[in-house]
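Subject: The model you asked for

Hi,

Here is the structure I promised to send over. Have a look at it first, then read on for my notes.

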Amino acid sequence: MPTAMPYTDVHRAFAQAIAHHGTMSAKQAYKALLAIYAKYHDGEEIPSEDDIPEVVASINGKLYRYDQKICFVHYEPADTDFYVFCNLVESQIDRIQNYYSESETTLFRLVLREMATSEEHKLKPIMCLNLTGEIQGKQLSKVRAEQLLDQWEKMGYFVQLGGMWHFGPKVIGEFDRYLTTNYPEQMRMCKLCKESVFYGVRCDKCPESFHRDCMKKYLRRLTNCPGCKNLWSTPV
């Protein structure tokens, strides 16, 4: 913020805004912060977008006792930054089940499975809809499946880009542990930052993958692949 300030109503209102939406782009979050700041500090110097991490850090200092956190996610497929409200202790699948029927929760789980095990973590829409055929018990229509996918996209769980469904920023923020636990062979880790790579850049001489931003910083100093040590040639 322009001047250091204690935890105030600005922080509380900003946390509530992100919790309400679940997922907000950095630009949406900044607009929300400006509106909140104008309400509580009208006439004072307004914050910049660069002040958001400081605000979020202060909020997370309060949220940790509730096993909650606002996570920053750089969403590589769209090159867009997001803030995701994450529950860190409760099973994420259990949370989904609190709001959806057993068949609908099963579809969500199946989409996660197929997306995690696909080569580039993306699926054609028809493949998502065809997963309804694997659901046991009460059947789920493809019309309802389409409605659910649209709903989950609005919530940030999945994103449709280039005619393909991808993991969304909320899955990246909340389901990292679930996916790496259940699909350890398919989920890759960036050797540079030691965090999961959902979408990144892959060496053309070995199977290693890296976050695009991590690799850009690395290539400012070195020119070889951090994995196989061969000359890096994949565009970043």
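One cut-off before anything else: I call a residue buried when its relative accessible area is under 20%, and exposed when that area is over 50%. Please also keep in mind that this is a predicted model.

Leu149 belongs to helix 7, which covers residues 142-154. If you set aside the neighbours within four places in sequence, Leu149 is in contact with Cys128, Leu129 and Trp165. I also looked at Leu149 against Val159: they are 10 residues apart in sequence, and their C-alpha atoms are 9.1 Å apart in space.

Now the overall picture. The protein chain has 236 residues, and 44% of them count as buried. Its secondary structure comes to 10 helices and 10 strands, and the C-alpha trace spans about 55 × 55 × 30 Å along the principal axes. The accessible surface of the chain is about 12900 Å², with 50% of that belonging to carbon and sulfur atoms. As for contacts between residues at least 6 apart in sequence, 49% join residues at least 24 apart. On the charge side, there are 29 positive and 30 negative charges in the chain, and their mean positions are 4 Å apart.

How is the chain divided into domains? Domain 1 takes in 9-87, domain 2 takes in 92-183 and domain 3 takes in 200-235. Domain 1 contributes 12 residues to its contact with domain 2, which contributes 14 residues. Taken over C-alpha atoms, the centres of domain 1 and domain 2 are separated by 26 Å.

Asp79 has a phi near 50°, and Asp79 sits in the loop between strand 2 (68-75) and strand 3 (80-87). His121 has a positive phi too, about 55°, and is found in the loop between helix 5 (102-117) and strand 4 (122-123). Which of the two is buried and which is exposed? Asp79 counts as exposed because its relative accessibility is 58%, whereas His121 is buried, with a relative accessible area of 0%.

Ile46 is another exposed residue, with a relative accessible area of 55%. You will find Ile46 in the loop between helix 2 (26-40) and helix 3 (52-63). From Ile46 to Lys229 the separation is 183 residues in sequence and 47 Å in space, C-alpha to C-alpha.

Last, the annotations. UniProt, in an unreviewed entry, lists "domain: Phorbol-ester/DAG-type" for residues 175-225. In the model, the end C-alpha atoms of residues 175-225 lie 28 Å apart, and that span is 29% helix and 16% strand. The UniProt annotation "domain: RING-type", also from an unreviewed entry, covers residues 190-229. For residues 190-229 the end C-alpha atoms lie 15 Å apart, with 20% of the span in helix and 15% in strand.

Cheers

Notes
Residues numbered from 1 in each chain as written. Predicted model: local features only at pLDDT ≥ 70, side-chain atom pairs only at ≥ 80, totals over all residues. Heavy atoms only, no water. Helix = DSSP H or I, 4+ residues; strand = E, 2+ residues; numbered from the N terminus. Buried < 20%, exposed > 50% of the residue type's maximum accessible area, 1.4 Å probe, protein only. Contact = heavy atoms within 4.5 Å. Areas by Shrake-Rupley, 256 points an atom, 1.4 Å probe, with all protein chains shown as cover. Lys, Arg positive; Asp, Glu negative; His and termini not counted. Charge placed at Lys NZ, Arg CZ, Asp CG, Glu CD. UniProt positions renumbered as here; feature names shortened; annotations may be inferred. Domains from an automatic or database assignment.
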